[in-house]
Amino acid sequence: MRSHRALTVALVSTGLLLSGVAAGPPAHAAGCRPSAVPDDIDRDGRSDLVVGDPYADRNEGRVEVVYNDGRRAMIRRSQLPGDPGDASFFGSAVALGDFTGDGCLDLAVGSPSDGYVEPEDADDGGGDPGRPAEPKVFVLRGTSTGITTSDPVVVLDPEMGEYSGFGNDLAVLQPYPDSRAQLVVGMPSRDGGRGGVAFFAFDDDGQPGEPVLVDRDTPGVDGSATPDSMFGASLATIGHSVLVGADGTAVSGRRRAGSVTMLTNTDAAPQTFKGVSYSQDSAGVSGGAETNDRFGYSVAAHGGWVAVGVPEENLGEDVDAGAVQLFRRNAGAGTLTPVQMVSQETAGVPGGSEDYDRFGSSVTVGRGLQRAGVLALAVAAENEEDDPDVPDTGAWTVLDLPTLRGSRYSLSSPGVPGADARGAGAFMHVAVLGGPQAATAERRDALVVALPSRSRGRVLVSPPWLGSWESFQSGDYPTSAEFGAAVS
């Protein structure tokens, strides 16, 4: 049995301290003081990290909260109300926001197959009919000392009965600085893969109101809902808008060419939306829509920039080499302006395109990832390889915006813990851990690189400008499966 290595790393600017010390759930509190750090769960002025492990505990799933003071709280599906069934995949998505309105950061956790029981045939012909999934999102309340499992809020799939993928992706929408956070839930498998997005506002008791369900057939949203478009497969928020990826969209008959829709709510409830869609056939967008481009497979937004992953874009003779389309947001108009398509063939971008790199399989945007105050794009290429004898090890690239100057990293890079392993990059994704909200010119966020397919999963955390990375795994390694499948 391999034991978990205790970890201690101080990230100077973000103030994150990671440690292998275990801790139980904190006591419930009435409210929390404000914090200048966006990911500060326990309100001590330093960032905290949440990691999903949905295949742990024989697919029941769990999440781990890593506090800066060294505590680690493991939250299993079995600790929460209801029967998890055979494979709830609790932890498939995680998101932080003050949904309950008490000033504390609450934790939303997707459980997309909650309650599912597989049918079993008996020799006598009777058998067990099993039980269909009842997808849920659990909102675990925040307190002044952290997340608690007491009195959780349960958010139900509004169209229970047919599997919708409800809870496979989550986002937080806060239309105005003084408005309460709203929960955005992707439903990409709904209605034959046409998909949808559910918006939940919460009342003064912290309970979700009636959801607002939006799809491509909603009045004010352009386009039309088509089978297998997977509208809601990826989500990101910027201001009072939500970016919705639908990488299965057929464009002019080209299947899985993909699209992204920018939904902008027209009031703080929200109730109505304006939706503008983009594909590679849109004016100013590079490449042209082609079968299996998967435009919109990943989306990210920050500081007025929007990044859309196109991981199966062919570049010359390189199949599925991948690319990222950059946009600028037009805040008042609720629209996007295309800027540039970025790939490993773009001048100044490190590396080079190869077959099946899937550059753009995950994207994120943060500030100060390389230089203080400067916005930067981070891109995962999950099938990139440094050694042809060790395929699909994965790599990630960090590029300042708009100059695209940057660096490329992998498990074989100096200062990165671990070593290349076959398939280690599968399902790799990148995220940002918010730094202190100092003056813009001084802000430095941390980059999180999740490798759920590497040795039951591991997560790397470090601002690249520090020149070092820290790697950690589950606090219960033997029962872990894909630690890092979701991070927030």
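**Entry 1: Val251**

I began with Val251, which lies in the loop between β18 (241-246) and β19. The model I am reading is predicted. Is Val251 buried or exposed? I found a relative accessible area of 10% for Val251; because buried means under 20%, Val251 counts as buried. I then listed the contacts of Val251, leaving out residues up to four places away in sequence, and noted Ala257, Gly258, Ser279, Asp281 and Ala289. I also looked up the spacing to Ser229: the C-alpha atoms of Val251 and Ser229 are separated by 9.9 Å, and the two residues are 22 residues apart along the chain.

**Entry 2: Thr264**

I moved on to strand β19 (residues 259-265), where Thr264 has its place. Thr264 is buried, at a relative accessible area of 9%. Which side chain makes a polar contact with the side chain of Thr264? I found that of Ser241, at 2.8 Å.

**Entry 3: Ala431**

I looked up Ala431 next and placed it in strand β29 (residues 429-433). Ala431 has a relative accessible area of 15% and is buried. Apart from residues up to four places away in sequence, Ala431 touches Thr364, Ala446, Leu447, Val448 and Val487. I checked Val363 as well: Ala431 and Val363 are 68 residues apart along the chain, with their C-alpha atoms separated by 7.5 Å.

**Entry 4: the chain as a whole**

I then turned to totals. The chain holds two helices and 33 strands. Of its 488 residues, 57% count as buried. I looked at contacts between residues at least 6 apart in sequence, and 56% of these join residues at least 24 apart. The chain exposes about 17800 Å², of which carbon and sulfur atoms supply 47%.

**Entry 5: the largest nonpolar core**

I recalled that nonpolar side chains tend to be buried together in soluble globular proteins. How many residues does the largest nonpolar core have? I found 18, and those with the most contacts inside this core are Ile41, Val65, Leu107, Leu140 and Ile147. The elements that give two or more residues to the core are β5 (62-66), β6 (71-76), β7 (94-97), β8 (106-111) and β9 (136-140).

**Entry 6: salt bridges**

A search of the whole structure gave me 25 salt bridges. I examined several in turn.

- Asp151 and Arg141 form a salt bridge in which the closest N and O atoms are 3.2 Å apart. The pair links distant parts of the chain, 10 residues apart: Asp151 is in the loop between β11 (146-147) and β12 (153-156), and Arg141 is in the loop between β9 and β10 (142-143). Arg141 counts as buried, at 8% relative accessibility.
- Glu382 and Arg358 meet through their side chains in a salt bridge of 2.5 Å, N to O. This pair also links distant parts of the chain, 24 residues apart: Glu382 is in the loop between β26 (375-381) and β27 (395-400), and Arg358 is in the loop between β24 (335-342) and β25 (359-367). Glu382 counts as buried at 8% relative accessibility, and Arg358 likewise counts as buried at 8%.
- Asp191 and Arg194 form a salt bridge with the closest N and O atoms 3.6 Å apart. Asp191 counts as partly exposed at 39% relative accessibility, and Arg194 is partly exposed with a relative accessible area of 25%.

I also noted a network of salt bridges that links Asp53, Asp57, Arg62, Arg76 and Asp476.

**Entry 7: a nonpolar surface patch**

Which residues make the nonpolar surface patch of about 220 Å²? I recorded Val154, Leu156 and Met160. Met160 lies in the loop between β12 and β13 (170-173).

Note on methods. Residues are numbered from 1 along each chain as its sequence is written. This is a predicted model: local features need pLDDT of at least 70, side-chain atom pairs count only at pLDDT 80 or more; totals for chains, interfaces and linings use all residues. Side-chain values use heavy atoms; hydrogens and water are left out. Helices (H or I, at least four residues) and strands (E, at least two) are DSSP runs, numbered from the N terminus. Buried means under 20% relative accessible area, exposed over 50%, partly exposed in between (1.4 Å probe, protein chains only). A polar contact is a pair of N or O atoms within 3.5 Å; within protein, one must be able to donate a hydrogen and the other to accept it, and residues adjacent in sequence count only if both atoms are side-chain atoms. A nonpolar core is a set of buried Ala, Val, Leu, Ile, Met, Phe, Trp, Tyr and Cys residues joined through side-chain atoms within 4.5 Å. Contact means heavy atoms within 4.5 Å. Accessible areas come from the Shrake-Rupley method with a 1.4 Å probe; for residues, only the protein chains shown count as cover. A salt bridge is a side-chain nitrogen of Lys or Arg within 4 Å of a carboxyl oxygen of Asp or Glu. Patches are made of residues with over 30% relative accessible area and no salt bridge: like charges are joined within 9 Å, nonpolar side chains (Val, Leu, Ile, Met, Phe, Trp, Tyr) within 5 Å.
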